[in-house]
Amino acid sequence: MKKSILKNGILGAFLALGTLVQAQQQSNVFLDRDFWGANPSIETIDLKIKEGNDPVKRNERSFDAVATAILGDAPLLTIEHLLSIEGNDVNKLTHDGRTYIFWAASKGNVELMEYLLKQGARTDISDDHGYNLLNFAATGGQKNTKVYDLCLENGLKLTDVNHNGANALLLVSQRAEDFSTINYFISKGLDLNSKDADGNGIFNYVAKSGNTDMLDQLIAKGVDYKNLNKEGGNAMIFASAGGRGTSNDLDVFKYLEAKGIKANVTTKNGLTPLHGLAGKTKDAAVINYFLAKGVDANQADQNGNTPFLNAAGRNDLAIVTLLQKEVKDINATNKKGESALTLAVENNSTEVVSYLIEKGADLNIKDAEGNNLTVYLINSFSPRNKEDFKSKLELLTSKGLDVSKVQADGNTLYHLALDHKGFELLKLADQYKVDINAKNKEGITPLLKSAMSSKDDKVLKYLLENGADKSITTEFEESAFDLASENELLKANNVNINFLK
């Protein structure tokens, strides 16, 4: 009884603090697309700035006010006003290493692109995924060919390809509803029979969308569609991957098979159609179709991930249950040492986690680096899923997981919590009586770690208030004050760190 009371007290305190912190950290209205969709006046924007909303700061995904305004279809005058604010340089890097002209291109906003170019927007930048401006617009399926005209007029070339060697014609075909954009790139000199570095042609790329009408037309045009690519994959692999957030239905796969494309295919990297589908489709009939064709739910890809592992990490209970019936070892791991339970704890629901435990998943599993499930539980936390986090925490601890246990690298719950830069998980560490002054194997305490990474004094002061010892030093005899003195974020924010002396 006492243990139950203690547990409920810990969870209650955790959620109460989360609510308090959420209230203290007011959301930035400029990061809300709906705000920009309402077409606020310049006066309203300036008023919101005076109220404390930051027009320059990037959120955890590196979106800022300008990028969000562009994606929210704000008018040009609004964007011009935001760009006039110090800190919003025309070539400022935002989400995935993209500048503002990338977002303008993705929206087909030629007027804004022209304005940004006049202001010095660079076109020689590639984003974090290896896409330049032309190919980023194409991979998003942009239909406004004037966007591509501008790209080509400002230094970009049709021969530019992405990290997989795909040109704009191949990339745009993934989301094309007809041949208009494809014909545009053909008219500019690209070949309908272009192939990427792995030997995939346009048929495979269109197969991702499941547009069988276009596939029929491509066959009529004589494109290569039956041969395997260099990795041994075919259109079935591409169709099973689907588009972003979409999954093809059973009719698409039956169509491909009717065209002579093999359903039971495994690439040289161990990839099967079930790998993509297991983490995405909610249609049991699609899963059963490939199982009936002999596709193995236990087949590991080059990273050791099986269809079952993918489902455990990303899909709902019905699909996980369906594939589990085919599984030889529920505790099989990928090359990182992650099991189905590990992946479910980090990325899936309490319902799936509970099911896996019932089926014999090992609660004491450790990954290749010696991390137990606590690391993955902490990684699963976000301000948006506090209730699910609470239920997973309660389930795992009731089954015997000791979240206060030190990891193989010496990191404690405090160290793990600091990676999330919030108070909620720090409070959890405090409630579980974790040693706030414990050093990890690098000789770093939570306070020392925070001194190196904090952008303000809130977490540092919280740690001190809860018993952190500022006299402890690193193996190089650096104190928290010394490390904070070298922290560029603290310097940039003019934080007084004398309280660490």
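Which side chain makes a polar contact with the side chain of Glu 424? I began with this and noted that the model is predicted, that local features need pLDDT of at least 70 and side-chain atom pairs pLDDT 80 or more, while totals for chains, interfaces and linings use all residues. Residues are numbered from 1 along each chain as its sequence is written, and side-chain values use heavy atoms, with hydrogens and water left out.

**Entry on Glu 424.** I found that the side chain of Lys 386 is the partner, at 3.3 Å; a polar contact is a pair of N or O atoms within 3.5 Å, where within protein one must be able to donate a hydrogen and the other to accept it, and residues adjacent in sequence count only if both atoms are side-chain atoms. Glu 424 is in helix H25, residues 423-431, where helices are DSSP runs of H or I with at least four residues, numbered from the N terminus. I also looked up Phe 381, 43 residues from Glu 424 along the chain, and the two C-alpha atoms are separated by 9.5 Å.

**Entry on burial.** Is Glu 424 buried or exposed? I noted it as buried, because its relative accessibility is 7% and buried means under 20% relative accessible area, with a 1.4 Å probe and protein chains only.

**Entry on Ser 380.** I placed Ser 380 in the loop between helix H22 (373-379) and helix H23 (386-398), and I recorded Ser 380 as buried, since its relative accessibility is 7%. Leaving aside neighbours within four places in sequence, Ser 380 is in contact (heavy atoms within 4.5 Å) with residues including Val 345, Glu 346 and Phe 389.

Note on methods
Helices (H or I, at least four residues) and strands (E, at least two) are DSSP runs, numbered from the N terminus. Buried means under 20% relative accessible area, exposed over 50%, partly exposed in between (1.4 Å probe, protein chains only).
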